[in-house]
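Hi,

Here is the structure I promised to pass on.

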Amino acid sequence: MASTLTPDELKMAELIVDILNLEDVQAAEIDPEAVMFEDEGLGLDSIDALEIAVAIAEQYGVHLAAEDEDSRAVFATLRSLTSHVTSETRPA
Amino acid sequence: MPGSVLLTPLTRRSPAAPFARRAGETISVGRFCADVEACAERLPAGRHAINVCEDRYAFMVTFFAVIRRGATNLLPAQRAPDAIADLVRDHRDSYVRESYVVTDEDAAGARARTSPCSASPPEIAADHVAAIAFTSGSTGTPELHAKTWLALATAASMHAGRLGADVDVNAPRNVVATAPPWHMYGLEWSMLIALGAELTICCDPVFYPEDIRQALEGAPAPRVLVSMPVHLRALMRSGLAMPRLETVVSATAPLDTALARAVETASNGRVLEIYGCSEAGTLAYRYPTRAENWRFFDAFSAARIGDDVVVTADFLPAAVTLADVLEFVGEEFVLHGRRDDRVKVGGRLVSLSEVTERLLALDGVDDGVVVSPAALGLGESDRLAAFVVTTRSAEEIRRELARRVDASFVPRPIVVIDALPRAENGKLPREALTALAVDVARSSRD
């Protein structure tokens with residue numbers, strides 16, 4: 001039922017698992033369309049969001065901002081996050 | 001006969017003075033007061049309001065509108081849905097205010113006037129309980145701390161004075177805050193502080209380093225950043241360039257001196273660190289790159305009674321016993337760690353026994369304990385961990401617990417074990433818990 005991860009999504013999943021030390025989570029098994037935050041999915045919180053944002057800036061050179069098309073939507077799922085970051089890194 | 005009426009410090013400011021800035025628009029003191037009046041008219045009847053506005057401006061307007069209606073703001077320690085439901089149930093006649101969106105329509109009456117809005121700041125009695133702050137108590141049930149208007153207004157002017165903000169009217173200071181206004185630190189330093197001093201509050205959402213940079217760029221000098229170590233750390237790691245800042249205020253968790261120096265170098269400003277507790281509000285300050293020692297703000301007197309440090313002030317209803325270990329050096333003090341089961345996660349206070357109680361209350365949990373590995377001397381992350389005796393999965397336990405406590409306080413990891421290492425008297429000795437935590441860490445690495 002869970003859709004498979006694209007290579008970009010797998011790379012992002014690995015970043016998240018690594019940065020947040022999610023010991024019992026396998027990056028390849030994360031459902032890219034599952035909600036990541038609060039009492040859903042991975043159960044991430046706002047401090048996690050900040051750590052992920054810093055890691056994304058370091059790895060992808062993309063600086064997330066709270067006003068980016070409603071950052072809650074961007075961060076909602078692994079798929080939405082990867083898609084946003086990928087589109088921001090595409091050359092203009 | 002109630003206590004003396006105290007006019008809102010806002011009357012000291014001109015109605016045309018800039019109170020807030022939001023989405024590129026400057027909101028004057030007068031407009032803010034008009035918005036407060038308009039909001040107050042729309043509030044339902046009720047003695048207590050739980051303000052869960054996410055938008056900073058909406059939160060500020062609603063906070064004062066509630067007071068204007070003679071009601072009290074409840075400031076929950078946590079905003080998880082069940083925690084809010086518990087609060088509503090326990091406070092008769094209370095209501096939950098989801099959000100208040102400031103529209104032109106709401107302030108139409110005041111805006112129709114062509115001159116700067118002349119709505120007067122509301123008069124508030126000194127002894128009116130403007131807010132009640134809830135914190136995690138050491139016994140598991142929340143503690144309530146009533147804040148009179150006198151207490152909040154007095155604190156506001158002390159803090160503004162520390163920033164030098166009451167001095168130069170021609171150079172209003174612009175405040176950008178990452179600290180949310182619904183906890184005591186943000187309430188005092190990013191909202192109340194603007195009452196009687198020339199400060200303009202930025203109300204755009206500010207969270208990521210990029211937001212901080214944009215908001216600071218968009219604010220004219222002099223600029224004050226009100227933040228916390230977790231956000232300052234992220235800001236420094238981002239390497240983003242910042243405009244010149246006058247002061248960077250930090251609170252809620254100890255600020256590493258190296259980080260303070262880095263912030264001063266990057267901002268050309270000075271770092272002002274604040275120490276306080278929900279019960280008493282902001283108590284003391286220091287400039288961490290200049291000296292290690294702290295000074296109490298003038299309003300407070302501190303005395304040592306046995307092992308405890310007890311603080312009093314005219315505006316505090318009762319003496320406050322501090323939960324930290326203080327070592328006095330003349331008029332100043334050195335701050336050592338916390339004394340009890342309350343720890344900080346992400347700058348916010350949580351009671352280990354409270355989270356443990358909620359864990360034990362779940363179906364299918366036979367035994368369990370929530371610990372702070374950092375407090376046990378294991379690792380730097382301040383995340384909580386839990387050991388549970390249950391036939392359910394750790395994942396199920398986590399999901400249920402997430403409905404009852406804020407996401408930051410949900411233990412990670414939750415480890416299912418056969419039995420807890422309880423001593424004969426049923427207690428869990430620190431050494432046994434530490435050994436358990438170390439064992440688990442070791443086996444997960446194998």
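Helix 2 of chain A crosses helix 4 of chain A in a right-handed way (right-handed means the near helix is turned clockwise from the far one by less than a right angle, left-handed anticlockwise). Before you go on, note that this is a predicted model, where local features need pLDDT of at least 70 and side-chain atom pairs count only at pLDDT 80 or more, while totals for chains, interfaces and linings use all residues. Residues are numbered from 1 along each chain as its sequence is written, chains are lettered from A and ligands numbered from 1 in the order written, and side-chain values use heavy atoms, without hydrogens and water.

Back to that pair: helix 2 (residues 46-60) and helix 4 (residues 78-89) of chain A pack at about 35 degrees, with axes 12 Å apart. Helices here are DSSP runs of H or I with at least four residues, strands are E runs of at least two, and both are numbered from the N terminus. Axes are lines fitted to C-alpha atoms, for helices over the stretch in contact, with angles from 0 to 180 degrees between N-to-C directions. Ile52(A), Ile56(A) and Tyr60(A) meet Leu81(A), Val85(A) and Thr89(A), where contact means heavy atoms within 4.5 Å.

Is Asp45(A) buried or exposed? Asp45(A) is buried, with a relative accessible area of 2% (buried is under 20%, exposed over 50%, partly exposed in between, using a 1.4 Å probe and protein chains only). Leaving out residues up to four places away in sequence, Asp45(A) touches Phe37(A), Arg383(B), Ala407(B) and Ser408(B).

Now for chain B, which has 12 helices and 26 strands. Of its 446 residues, 54% count as buried.

Helix 1 (residues 29-42) and helix 2 (residues 56-68) of chain B have axes that come within 8 Å and cross at roughly 65 degrees. This crossing is right-handed too. Among the residues that meet there are Phe32(B) and Val36(B) from helix 1 and Met60(B) and Phe64(B) from helix 2 of chain B.

Further along chain B is helix 10 (residues 352-360), in which Leu352(B), Glu354(B), Val355(B), Thr356(B) and Leu359(B) are buried. Their cover includes strand 24 (365-371) and helix 11 (394-402) of chain B. Ser351(B) caps the N-terminal end of helix 10, with a side-chain oxygen 3.0 Å from the backbone nitrogen of Glu354(B).

Cheers

How values were computed: A polar contact is a pair of N or O atoms within 3.5 Å; within protein, one must be able to donate a hydrogen and the other to accept it, and residues adjacent in sequence count only if both atoms are side-chain atoms.
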